Every structure is written in C-alpha cells, then in structure tokens.
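Q: Could you take me on a close look at the salt bridges here, and at one linked group of them in particular? I would like to see what surrounds that part too.

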Amino acid sequence: MNSRYILYIHLVINDIILLTLLTLFYVLSAAVFTINVSLCMILILIGFAANLGNPMTLAIMAIECYVAVCFPLRHAQICTVKKTYIVISFIWLISALYLLPDVFIALVKEPLDFFHSRVFCARPYIFRHSQVAEKDTIFNALLMVIVWLTLFYAYVRIVFTAKSASAHSRKARNTVLLHSFQLMLSMLSYVYFAIYYGLVSLFPESVHAIRFALGILVNVIPRLISPLVYGLRDNTFRKYLKQHLICAKAIH
C-alpha cells in the first residue's frame with residue numbers, strides 16, 4: 001500500500017524482463033545465431049518497452065522523494081496507490097506509443113518474405129529504415145532532457161527545503177543522487193551500437209567477446225543498482241531481509 005515500494009517493484013519487474021530477454025538472446029545467439037524475424041520483433045519490442053520504462057520510473061521515484069521531503073503532510077494525499085498505478089500505466093502507454101511507429105514502418109516498407117526470414121536478433125537488423133533512427137534520436141533526446149531536469153529539480157528542492165539536515169532529508173537527497181547515477185548507467189544503452197561497432201572495427205577477431213562484455217556493462221550492471229539503492233539502504237527491506245536470513249539459518 002506504499003507508492004514508493006510499488007514504483008520500486010515496477011523498476012525491478014522491468015529489470016527482470018530485460019535480464020531474462022538478455023539471457024535468452026545470448027543463448028539463442030550461441031545456439032542458433034539467427035532466429036525468425038517476427039519472433040525477434042516481439043522480443044525486441046518487449047525489451048525496449050521495459051528499457052524505456054526505467055528512466056521514466058526513476059524520474060517518478062525522484063518526484064516521490066521530493067514530495068515526501070517538501071510536502072510531508074500532503075504526501076499521503078498526493079502519492080496514493082491509485083495515482084501510482086495510473087502513472088505506471090502512462091509509462092507503459094508512452095513506451096507503446098514510442099514503439100508502434102516502428103512496427104507500422106516495418107509493415108509498410110518491408111516485403112512479406114522478410115517477416116518469415118531469419119536474422120541475428122538486434123534492433124538495427126529488424127527496424128532498418130532511416131525514419132526509425134531519426135525518431136529514436138529525437139525521442140531519446142527529449143526523454144533524457146525531461147528526466148534529467150526532473151532529477152535536478154527534485155534534488156535542488158530537497159537540498160533547499162531540508163534546512164534541518166535531518167537523516168530522512170539526507171537519505172532522500174542521496175537517493176536522488178543514486179537515481180542520477182543509475183540513469184547515467186542506463187544511458188549507456190543508447191550508445192551501445194556506436195561503442196560496439198567502434199570496438200569491432202578495432203578488434204574484428206573479438207566480436208563475441210565485445211558483445212558479451214558490452215552486454216554486461218550496459219545491461220547487467222545498471223540493473224544491480226536498484227537492489228542496492230532500495231534493498232540494502234531501506235530500513236523496511238533491511239528488517240525483513242535480516243528476518244529471512246535468520247530464518248534460513250535456523251532451518252539449516
């Protein structure tokens with residue numbers, strides 16, 4: 001019944017989806033290398049929808065911290081469970097509106113045989129037209145500007161409002177800073193292919209090693225931040241974690 005934990009679980013669900021698809025992609029690329037275009041398109045759409053949800057969820061979580069510190073008496077009225085689910089629905093709606101034009105462009109411009117062919121499952125090989133790349137550049141730039149401005153505004157307001165420097169205020173400020181660090185790591189996904197093709201041109205014999213290393217750096221490491229930000233730093237999570245660890249030890 002707490003909006004903060006609902007948003008956190010939404011972030012974790014997105015991370016689970018991304019890590020599951022990443023593992024599936026690596027297994028498929030190692031086993032069969034190419035897969036059906038239609039199946040690949042579905043997997044990519046799901047993965048990118050979850051990936052887009054992360055920065056937007058981080059921005060909403062920063063706003064929740066800002067409301068908790070700057071408007072503590074109204075926090076329960078502003079950050080309700082119903083409003084939280086509405087915001088999460090809007091996040092997925094925005095992700096869908098971002099991805100649907102890619103599907104329409106592919107359906108209009110690609111021949112029917114293309115959807116029955118097999119390719120290495122990566123977004124540039126599925127959505128191959130310049131309009132998609134231009135749309136991605138504009139949308140990603142706009143999204144990042146809005147999210148960074150939201151994080152900056154939340155951090156500044158928390159700093160100036162929390163003059164008492166209470167432990168709760170300091171924790172909220174540090175949480176927003178960690179959100180910023182997490183967002184910075186997540187932004188690596190937007191330059192993945194630029195880094196990948198640059199490294200492949202320098203080390204063509206190490207394509208598989210480069211792909212694996214970049215996958216860990218860009219997709220796995222940023223997903224490890226969420227459990228550290230909320231799992232270990234949060235008193236409620238830490239209390240239940242200790243209880244479960246003690247119970248596990250007692251059972252064994």
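A: Let's start with the term itself: a salt bridge is a side-chain nitrogen of Lys or Arg within 4 Å of a carboxyl oxygen of Asp or Glu. A search of the whole structure finds six of these salt bridges. Please keep in mind that this is a predicted model, in which local features need pLDDT of at least 70 and side-chain atom pairs count only at pLDDT 80 or more, while totals for chains, interfaces and linings use all residues. Residues are numbered from 1 along each chain as its sequence is written, and side-chain values use heavy atoms, with hydrogens and water left out.

Now look at D102 and R123, whose side chains meet in a salt bridge of 2.2 Å, N to O. This pair links distant parts of the chain, as D102 lies in helix α4 and R123 in helix α5 (residues 123-126), 21 residues apart. Helices here are DSSP runs (H or I, at least four residues), numbered from the N terminus.

Is D102 buried or exposed? D102 counts as buried because its relative accessibility is 0%; buried means under 20% relative accessible area, exposed over 50%, and partly exposed in between (1.4 Å probe, protein chains only). R123 is buried as well, at 9% relative accessibility.

R123 has another partner: D136, with the closest N and O atoms 2.4 Å apart. Here too distant parts of the chain are linked, with D136 in helix α6 and R123 in helix α5, 13 residues apart. D136 has a relative accessible area of 11%, so D136 is buried. D136 also forms a salt bridge with K135, where the closest N and O atoms are 3.1 Å apart. Through shared partners, D102, R123, K135 and D136 are joined into one network.

What about the surroundings? I126 belongs to the largest nonpolar core, which has 48 residues, and is among those with the most contacts inside that core, along with M41, F127 and I158. A nonpolar core is a set of buried Ala, Val, Leu, Ile, Met, Phe, Trp, Tyr and Cys residues joined through side-chain atoms within 4.5 Å. Elements that give two or more residues to this core are α1, α2 (37-70), α4, α6 (130-161) and α7 (167-186), and α2 gives the most, with 18 residues. Leaving aside neighbours within four places in sequence, I126 is in contact (heavy atoms within 4.5 Å) with V37, C40, M41, I44, E110, F114 and V119.
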